Protein chains: 2
Amino acid sequence: MPYGCRVTNTSPAPRLRAAGLATRTAIEDAARTLFAERGFDGASVRAIAAEAGVDPALVIRHFGSKEALFLRTVDTSLGIGSVLDGPLETVGRRLVAYFLDPGRPVIRKRYVALAQAAHHDQVREEMVRHTAETYVAPLAPRLTGEHRELRVALAVGQLGGLLNLLFLQRDPIVTAADPEVVIATYGDAIQRLLTPEDT
Amino acid sequence: MPYGCRVTNTSPAPRLRAAGLATRTAIEDAARTLFAERGFDGASVRAIAAEAGVDPALVIRHFGSKEALFLRTVDTSLGIGSVLDGPLETVGRRLVAYFLDPGRPVIRKRYVALAQAAHHDQVREEMVRHTAETYVAPLAPRLTGEHRELRVALAVGQLGGLLNLLFLQRDPIVTAADPEVVIATYGDAIQRLLTPEDT
DNA sequence: GTCTATACGCGGATAGAC
DNA sequence: GTCTATCCGCGTATAGAC
């Protein structure tokens, strides 16, 4: 290179070169797979690195911690947003039906992974934040009566109780029950918190 | 010992001599304290051993595993049995009030420790078993209508959802709310599963 | 900037000597 | 019954090679 030739080849975006970006996405893909497959505790950083074909130290180097990697790759919304659209009077049953749908095994795995990781502070805070944003914010204004935000928050907790029973505890009484009965019974119990006057 | 002298000295209980029994109870006491104080994950076997003044290896040697020690020392019933006595028509509110009572901080800690350890299979199974024994067995026969066992199981799940919200997620909307409102609102939602005809 | 190699300090659990 | 020494796996950190 001749003296004085300023390297003006400034493309700052590709500054994250192909190599670094490829490893990042490889780690993210592996994390998504293994967290869903084995849960938060079951998927070790070393296993994720092996699945991605990289060194374990790179996982921490790129994402800071296992917890941060989890938060970046897991979808805390569980894809529930669209269910909240539609008539308010039947949202209780629709919420329960969404999670009981046997055609959605991914939802079950995501929930289990999330619940397992909830004892980490950042994960817990993200869940609380997302609940407020996804459920309370859009739903509370549509309610009538007192304590609207509280009632939505309690309804979300109620839904969590059912998921707990189904996916974590695997309570035989509930898992063996007719899904239609659970949807109707529990859905109406949730509904009662949201629209108590309709019952 | 003379030949033929059948050893009829059968006091099988004192077979656990004083020394061994003392360490056992010391470990159990330390485990109860630390599990309540720091939760299942936060209380290491080494810390429990130190608190008891014994060698860490003894903890495993006596109880088999940390999980088994936890199961032996924690009370999975959370002392709820007595609440189920009394009129069926108000049991929903009584259950919620029991856990919200600020004078019972131990209950909160026990629940957190239990929930944290629930991803261990034996703990999970014990919780399911105890739910069936403590809640479903005494309550279901008192119900009327269809799906009595299922409705009790769902009500227990519902209660778990509230505890999750309060103690694990520490949702600010719920924790900041007036306890009386939560007791009335959520208690009635639970009640509806148990005695739907009364609402 | 990206990656490799290595290591630290923790966890639960075990084998075998006293 | 008890303790010493040890194992293996975990999340994480760092020094230094490319």
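Copies are superposed by least squares on the C-alpha atoms of residues with pLDDT of at least 70 in both. This is a predicted model, in which local features need pLDDT of at least 70, side-chain atom pairs count only at pLDDT 80 or more, and totals for chains, interfaces and linings use all residues. Residues are numbered from 1 along each chain as its sequence is written, chains are lettered from A, and side-chain values use heavy atoms, with hydrogens and water left out.

**Exercise 1. State how chain A is related to chain B.**

Step 1. Check the surface used. Of the contact residues (heavy atoms within 4.5 Å) of chain A, 100% recur in chain B, so the same surface serves both copies.

Step 2. Find the residue of chain A that comes closest to the axis. The C-alpha of Gly161(A) does, at 1.9 Å.

**Exercise 2. Describe the surface near DNA strand C.**

Step 1. Count the residues. DNA strand C is surrounded by 18 (near means a heavy atom within 4 Å). The closest are Thr23(A), Val45(B), Arg46(B), Ile60(B) and Lys66(B).

Step 2. Sort them. There are 6 nonpolar, 5 polar and 7 charged residues. Here Ala, Val, Leu, Ile, Met, Phe, Trp, Tyr, Cys and Pro count as nonpolar, Asp, Glu, Lys and Arg as charged, and the others, Gly among them, as polar.

Step 3. Assign helices (DSSP runs of H or I, at least four residues, numbered from the N terminus). Helix 1 (18–42) and helix 3 (56–63) of chain A each supply at least two residues, as do helix 2 (45–52) and helix 3 (56–63) of chain B. Helix 3 of chain A gives the largest share, 4 residues.

**Exercise 3. Which parts of DNA strand C lie within 4 Å of the protein, and which side chain has an N or O atom 3.4 Å from a phosphate oxygen?**

Step 1. Sugar or phosphate accounts for 49%, and bases for the rest.

Step 2. Go to the phosphate oxygens. Thr23(A) places a polar side-chain atom 2.8 Å from one. For a side-chain N or O atom of Lys66(B), the distance to a phosphate oxygen is also 2.8 Å. His62(A) is the answer at 3.4 Å.

Definitions and conventions
A polar contact is a pair of N or O atoms within 3.5 Å; within protein, one must be able to donate a hydrogen and the other to accept it, and residues adjacent in sequence count only if both atoms are side-chain atoms.
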